[in-house]
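Please keep the sequence and the 3D view open while reading.

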Amino acid sequence: MPLLAEQIGPLDALGGGPLYRRLEDALREALRTQRLKPNEALPPERDLASELSVSRITLRKALDSLVEEGLLVRKQGAGTFVANRVEKQFAKLSSFSEDMAARGRTVRSEWLGRSIGAVTPDDALTLGLSPGAAVYRFNRIRYADDVAMALEYSTIPGFGLDGVDVVGASLYAALEAAGNRPVRALQRLRAVLFNAEQAKLLGIEAGAPGLYIERRGFLDDGRVIEATQSWYRGDAYDFVAELDMRARPKRCLIRCSIRKIP
């Protein structure tokens, strides 16, 4: 790999603040723009500290923060690597497209179907709609860097959009353009195993572990604007919840990973 100092640029150009913070920010930007690629190995810490002209303590503090965020991973006996997994923050209401763009990934979707129709009895309860009300349905395979990451099935009340064709790369972008982006959501998650049909769509083995999420998104006035069912690959995602214990200044970070059991 090229010298890391060349990839992140001079730390003095990043303004003031502690040196380890400037180094941390520079590395984070290199990860976001994929100047440091997924699965890429970083040089040994002794060599890296010398190359960057920082102490090993400064380097370790910067790397520790990025490891804690899930952007880097340490493998015992092998070194530090750029993570190939994606972390989804439960505390932030964001779209798949936004999550991937924030990590410098290229996003695309393969449409399984998009249509307008009448609400089903189950959807009427979920969305709080009257029988016969119109809804839009958007079913997609979501990709990041041409890797199939998730299956996503969304139902939107008819009042939320002007038509099926207004949804391009991002459903949330289309809802925002219509003035109907959700401001809060309720989510339920559970571990699942992909069936043969789902596995074929994602290009993985049947029975592979995954994460199933049901989400209902709400507008400011309390109306439900979105009901989405998603199946995420367990080998590509970590779902993270940050719990703020207000009685203490310290925060707890809970990481949820699903891995295949031998």
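For the class counts below, Ala, Val, Leu, Ile, Met, Phe, Trp, Tyr, Cys and Pro are nonpolar, Asp, Glu, Lys and Arg are charged, and the others, Gly among them, are polar. By that scheme, the lining of the largest cavity has three nonpolar, five polar and five charged residues. The model is predicted. It holds two cavities of 30 Å³ or more, four aromatic pairs and 13 salt bridges.

**Largest cavity**

- The volume of the largest cavity is about 70 Å³.
- The lining counts 13 residues; Ser95, Arg140, Arg142, Glu152 and Leu171 are the closest to the cavity centre.
- Helix H5 (96–102), strand S5 (134–144), strand S6, helix H7 (171–177) and strand S9 each give at least two residues to this lining.

**A salt bridge at the cavity**

- Arg142 and Glu152, both among the lining residues closest to the centre, form a salt bridge with their closest N and O atoms 3.1 Å apart.
- Arg142 belongs to strand S5 and Glu152 to strand S6, so this pair ties together parts ten residues apart in sequence.
- Arg142 is buried, at 3% relative accessible area.
- Glu152 is buried too, at 6%.

**Salt bridges in the helices**

- Glu24 and Arg21 meet through their side chains in a salt bridge of 3.2 Å, N to O.
- Both residues lie in helix H2 (residues 19–32), three residues apart, or about one turn of the helix.
- Glu24 is buried at 4% relative accessible area, whereas Arg21 is partly exposed at 38%.
- A network of salt bridges links Arg21, Glu24, Asp25 and Arg28.
- Glu45 and Arg60 form a salt bridge of 3.0 Å, N to O.
- This pair links distant parts of the chain: Glu45 is in helix H3 (residues 45–52) and Arg60 in helix H4 (residues 56–68), 15 residues apart.
- Glu45 counts as buried because its relative accessibility is 13%, under the 20% limit.
- Arg60 is partly exposed, with a relative accessible area of 37%.

**Aromatic pairs around Trp231**

- The structure holds four aromatic pairs; one of them joins Tyr153 and Trp231 edge-to-face, at 5.6 Å centre to centre and 90° between the planes.
- Tyr153 sits in strand S6 (residues 147–157) and Trp231 in strand S9 (residues 224–233), so the pair ties together parts 78 residues apart in sequence.
- Tyr153 counts as partly exposed, at 24% relative accessibility.
- Trp231 counts as buried, at 16%.
- Trp231 also pairs with Tyr212; this pair is tilted, with 4.8 Å centre to centre and 45° between the planes.
- Tyr212 lies in strand S8 (residues 209–218) and Trp231 in strand S9, so the contact ties together parts 19 residues apart in sequence.
- Tyr212 is buried, at 4% relative accessibility.

**Aromatic cluster and charges over rings**

- Trp111, Tyr136 and Phe138 make up one aromatic cluster.
- The charged end of Arg114 sits over the ring of Trp111, 4.3 Å from the ring centre.
- Elsewhere, the charged end of Arg184 sits over the ring of Phe218, at 4.2 Å from the ring centre.

Conventions: Residues are numbered from 1 along each chain as its sequence is written. This is a predicted model: local features need pLDDT of at least 70, side-chain atom pairs count only at pLDDT 80 or more; totals for chains, interfaces and linings use all residues. Side-chain values use heavy atoms; hydrogens and water are left out. Rings of Phe, Tyr and Trp (its six-membered ring) pair if their centres lie within 6.5 Å; planes under 30 degrees apart count as stacked, over 60 as edge-to-face and the rest as tilted. Helices (H or I, at least four residues) and strands (E, at least two) are DSSP runs, numbered from the N terminus. Buried means under 20% relative accessible area, exposed over 50%, partly exposed in between (1.4 Å probe, protein chains only). A charge sits over a ring if NZ of Lys or CZ of Arg is within 6 Å of the ring centre and within 35 degrees of the ring normal. On a 1 Å grid over the protein atoms alone, a cavity is a set of points where a 1.4 Å probe fits but cannot get out, and a pocket is an open set with protein on both sides within 12 Å along at least five of seven lines; lining residues have an atom within 4 Å of a point. Grid points are joined across faces, edges and corners, and a volume is the space filled by probe spheres set on the points. A salt bridge is a side-chain nitrogen of Lys or Arg within 4 Å of a carboxyl oxygen of Asp or Glu.
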